[in-house]
Amino acid sequence: MGEINTICIFGLGIMGTGIAQVAATNGFKVVAVDTFEQALDRAQQTMARSLKKFEEKGKLPSPPEEITERITWSTDYQAAQLADLVIESVPEIMELKQEVLGKADRCCRPEVIFASNTSQFSITALAAATDRPDRFIGMHWFNPPVIMKLIEVVRGLQTSDATLETLMAVCHKLNKETVVCNKDTVGFITTRMLSLWGSEAARILEEGIASVEDIDKACRLAFGHPMGPFQLSDFSGLETGLRVRQKLFETYGDRYRPTPTQINLVKAGFLGRKSGRGYYDYSGDK
Ligand SMILES: NC(=O)c1ccc[n+]([C@@H]2O[C@H](COP(=O)([O-])OP(=O)(O)OC[C@H]3O[C@@H](n4cnc5c(N)ncnc54)[C@H](O)[C@@H]3O)[C@@H](O)[C@H]2O)c1
């Protein structure tokens, strides 16, 4: 497999923006593709703010302009022609991911490796949307990608050893640690654990046992978590969390059943930080 110099990212939302920043900071050329012009504008603004903070802390290997110069922004899938590695990070909807992957597959050279940042879907099912199941792999990042050290690497049924080796080398160049999920199972290691934790917090809230603030505080101070489960849900997007839980529930049964609060907040459009309200109210934030 050839050298990986250019990484194409599909979906410049919460995760794709951070992934693009990590890749460009660590010397990769980046092609950032999103179908929405607005999403690309927002991604550029978010990244500029984040790079400034890293620069102020003396934590950038090169000036922000040098890093952003490595990135090409585009709404056109054909931009993926330049890629040596594709990372898909569009919303957690199977049909959408399959459509994006199928389209990207037709734009890229056959040897290009495809990775999906899905939180839980079967890598084998996503790979089936392409003609490169042996060059397809799960690359599960954590939020925020610019801070979190881990990438969970997931093998699909047909992922080749060479693909795994190449992706592991890329992860290390990105300055990340890895764990490998050897069996393609819904929810991998981390999403199975995290979803149970978040749902138990929602049940404690619904039973009137403690407030949102105190459940979060208990988790931060008792277990050393940087964020409590409700803070993390708001940060990640409540609709993403619900989609993930619905799939886990379908796969593993009752222990993952979404709670009424998790369902109702999404129905009300309270998606967390991105919509200005979730478990907490962010309307006063800039
Ligand atoms: N949010 C988290 O904390 C988190 C953590 C780990 C993994 N993930 C996974 O990462 C993926 C993305 O999640 P997110 O939270 O960044 O979502 P998001 O909604 O913030 O961003 C998704 C982006 O994809 C773009 N998009 C939609 N349709 C597209 C298309 N057809 N082609 C190209 N771009 C398209 C949207 O415009 C948006 O910018 C999901 O699979 C999610 O499960 C999320």
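1. A contact, in this note, means heavy atoms within 4.5 Å.

2. A word on how to read the values. This is a predicted model, where local features need pLDDT of at least 70 and side-chain atom pairs count only at pLDDT 80 or more, while totals for chains, interfaces and linings use all residues. Residues are numbered from 1 along each chain as its sequence is written, and side-chain values use heavy atoms, with hydrogens and water left out.

3. Now the interior. A nonpolar core is a set of buried Ala, Val, Leu, Ile, Met, Phe, Trp, Tyr and Cys residues joined through side-chain atoms within 4.5 Å; buried means under 20% relative accessible area, exposed over 50%, and partly exposed in between (1.4 Å probe, protein chains only). The largest such core has 36 residues, and Ile-7, Leu-85, Met-139, Trp-141 and Leu-174 touch the most other members. Helix H1 (residues 14-25) supplies the largest share of this core, six residues. Another core, of 26 residues, lies apart from it and has Val-31, Tyr-77, Ala-83 and Cys-181 among its members. Helices (H or I, at least four residues) and strands (E, at least two) are DSSP runs, numbered from the N terminus.

4. Next, the ligand. A residue counts as near it if one of its heavy atoms lies within 4 Å. The ligand is surrounded by 26 residues, the closest being Asp-34, Tyr-77, Glu-92, Lys-97 and Ser-119. By class, this shell holds eleven nonpolar, eleven polar and four charged residues. Here Ala, Val, Leu, Ile, Met, Phe, Trp, Tyr, Cys and Pro count as nonpolar, Asp, Glu, Lys and Arg as charged, and the others, Gly among them, as polar.

5. A polar side-chain atom of Glu-92 lies 2.4 Å from one, an N or O atom in the side chain of Ser-119 is 2.6 Å from one, and for the side chain of Asn-143 the distance is 3.2 Å. The protein buries 90% of the 840 Å² that the ligand exposes when taken alone (Shrake-Rupley method, 1.4 Å probe). H1 and helix H4 (94-107) are the elements that give two or more residues to the shell, and H4 gives the largest share, three residues.

6. Ser-119 sits in the loop between strand E5 (113-116) and H5. Is Ser-119 buried or exposed? Its relative accessibility is 18%, so Ser-119 counts as buried. Not counting residues up to four places away in sequence, Ser-119 touches Glu-92, His-140, Gly-187, Phe-188, Thr-191 and Val-244.

7. Some backbone geometry is worth checking. Most residues other than glycine have a negative phi, and most peptide bonds are trans. Phe-188, in the loop between E8 and helix H7 (190-206), has a positive phi near 50° and is buried, with a relative accessible area of 4%. Asn-175, in the loop between helix H6 (161-173) and strand E8 (177-181), also has a positive phi, of about 70°, but at 48% relative accessibility Asn-175 counts as partly exposed. The peptide bond from Asn-143 to Pro-144 is cis, with omega near 0°; Pro-144 lies in the loop between E6 and strand E7 (150-155).

Notes
A polar contact is a pair of N or O atoms within 3.5 Å; within protein, one must be able to donate a hydrogen and the other to accept it, and residues adjacent in sequence count only if both atoms are side-chain atoms.
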